[in-house]
Amino acid sequence: MSTKMVKFIISRQDNPETAPYLEEFEIPHRPNMNVISALMEIRRNPVNAKGEATTPVTWEMGCLEEVCGACSMVINGKPRQSCTALVDQLEQPIRLEPMKTFPVVRDLAIDRSRMFDALKRVKAWIPIDGTYDLGPGPRMPETKRQWAYELSKCMTCGVCLEACPNVNSNSDFIGPAPLSQVRLFNAHPTGEMNKEERLNAIMDDGGLAECGNSQNCVQSCPKGIPLTTSIAALNRDTTFQAFKNFFGSDR
Amino acid sequence: MAGSKDFVNRRIHSLLGVIPIGIFLIQHLVVNHFATKDAEAFNAAAHFMENLPFRIFLETFVIYLPILFHAVYGLYITFQAKNNVSRYGYFRNMMFLVQRVTGVITLIFIAWHVWETRVQAALGAEVNFSMMADILSSPFMIAFYLIGVLSAVFHFANGLWSFFVSWGLTVSPRSQKISTYVTMGVFVALAIVSVRTIFAFI
């Protein structure tokens, strides 16, 4: 019985300062394998396609069911999660690269800190802490909750930032993901009470205005989040906010 | 302030492209369309525009300053992007690239066009049908004008689409789709007007 082989071309990098290089691997095919199980196979037996012993490929992973966002990488030119990238559905050789919009830590592992910093910057939370019990907040209509649930699916994976032409080293754009989170928390009946703070945060440099409407984000989002609708809705909200800020408002 | 410097500049950039620059573009193309009738009609229209009261103020505040801001900030925006159409060949991403390419072409064209007509007028030349017929007497200049004017018209029409998004007028995907059809209709209509005018001088 001849074993079918799967060929990988992996972009590797030994540490954040060194230059990236390509290394090829051939591993035996198994039914239903995904990119992660292939990387695990390489880790088990780190020998490249030339038969030379090499270091195991580094990557990040967490949930293995496309809800944590940690295993995102560029697979055959498109950023996506490697856990749901099934080898049988991919064209060979399978090319793996890190999402270079982010600082590369090693091989396919990247540092997504900028996304978490952006969430802090836009205040993507609902402040409810206080010195006494405030009681229950306003109720959220069920239809609105269902709609907001779609926005809450964001796993901060970074695919939308990788796809965006305006997120790069020349710009300080925070990217689509944190913007859509502003829409989520502004839609919440309690979160809405701090709406202005979040709108003002995204009206700062590197915020909402840096969007150039290429709409790659909404095409690339693995969770199908309506990112461009969120951005356009925030454009409307910030238009009103800008006039309020400038002329003053009696609320 | 209403927002940060970036926020305000971006919004003003978007607004100026439509008001007044877009309005001026339409007016300019419509007035020039008199050339399709005959040389006399064009000369009369050009003469009327030339003798508008407060002309230098109209030119400065409706044309020169808005275009100067739009051009300088537009170049800044253009060179900030890292285009990735080869990797993400989606329609809107292509329009994103074409918007930037036509913007730069339009800027080069306008610089030359202003030098050839408005600056020459200031230096004593008379702007009339024969001036344009003279400019468009070489095939190279016909091609240059066709590319320049069509770029300007496309940049305006597609810029109108993003103006509607940037100011929050079109939010839903459906409204943005309808807006795509409407603004591309604007492109086709203005393209017909401008190409007819260019060929009227040949």
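The questions and answers below concern a predicted model with chains A and B in contact.

User: What ipTM does the model score?
Analyst: This is a predicted model. For chain B the mean pLDDT is 96, and 99% of its residues reach 70 or more. The model has a pTM of 0.94 and an ipTM of 0.93.

User: Which element gives the most to the side of chain A that touches chain B?
Analyst: The contact joins 28 residues of chain A to 28 residues of chain B. On the chain A side, α7 (216–220) and α8 (227–247) each supply at least two residues. The element that gives the most, with 9 residues, is α8(A).

User: How many residues of the side of chain A that touches chain B are nonpolar, polar and charged?
Analyst: That side of chain A includes residues from α7(A) and α8(A). By class, its residues divide into 4 charged, 16 polar and 8 nonpolar.

User: Which strand gives the most to the side of domain 1 of chain A that touches domain 2 of chain A?
Analyst: Chain A is divided into domain 1 (5–110) and domain 2 (113–247), and their C-alpha centres are 31 Å apart. Their contact takes 12 residues from domain 1 and 13 residues from domain 2. On the domain 1 side, β3 (72–75) and β4 (78–81) each supply at least two residues. With 3 residues, the strand that gives the most is β4(A).

User: Which residues have the most contacts inside the largest nonpolar core?
Analyst: The largest nonpolar core has 43 residues. In the largest core, the residues with the most contacts are C160(A), I202(A) and L208(A).

User: Is L179(A) buried or exposed?
Analyst: L179(A) lies in helix α5 of chain A. Beyond its neighbours within four places in sequence, L179(A) is in contact with residues including I202(A), L208(A) and L234(A). Because L179(A) has 27 C-beta neighbours inside 10 Å, it counts as buried.

User: Why do the buried residues of α1(A) line one face of the helix?
Analyst: The buried residues of α1 (residues 35–44) of chain A are V35(A), A38(A), L39(A) and I42(A). They pack against β1, β2, β3 and β5 of chain A. Seen down the axis of α1(A), they line one face because they fall within an arc of 100 degrees.

User: Where does P20(B) lie?
Analyst: The peptide bond from I19(B) to P20(B) is cis, with omega near 10 degrees. Another cis bond runs from Q92(A) to P93(A), with omega near -5 degrees, and P93(A) is found in the loop between β4 and β5 of chain A. As for P20(B), its place is the loop between α1 (5–18) and α2 (21–32) of chain B.

User: Does F54(B) count as buried or exposed?
Analyst: F54(B) is a residue other than glycine with a positive phi, near 55 degrees, in the loop between α3 and α4 of chain B. N76(A), also not a glycine, has a positive phi of about 50 degrees, and N76(A) counts as partly exposed, with 15 C-beta neighbours inside 10 Å. F54(B) has 9 C-beta neighbours inside 10 Å and therefore counts as exposed.

Methods. Residues are numbered from 1 along each chain as its sequence is written. Chains are lettered from A and ligands numbered from 1 in the order in which they are written. This is a predicted model: local features need pLDDT of at least 70, side-chain atom pairs count only at pLDDT 80 or more; totals for chains, interfaces and linings use all residues. Two residues are in contact if their C-beta atoms, placed from the backbone, lie within 7 Å. Helices (H or I, at least four residues) and strands (E, at least two) are DSSP runs, numbered from the N terminus. Ala, Val, Leu, Ile, Met, Phe, Trp, Tyr, Cys and Pro count as nonpolar, Asp, Glu, Lys and Arg as charged, and the others, Gly among them, as polar. Domain bounds come from an automatic or database domain assignment. A nonpolar core is a set of buried Ala, Val, Leu, Ile, Met, Phe, Trp, Tyr and Cys residues joined through C-beta atoms within 7 Å. A residue is buried if 20 or more other C-beta atoms lie within 10 Å of its own, exposed if 12 or fewer, and partly exposed in between; C-beta atoms are placed from the backbone. The arc is that of the directions from the helix axis to the C-beta atoms. pLDDT is the predictor's confidence in each residue, from 0 to 100.
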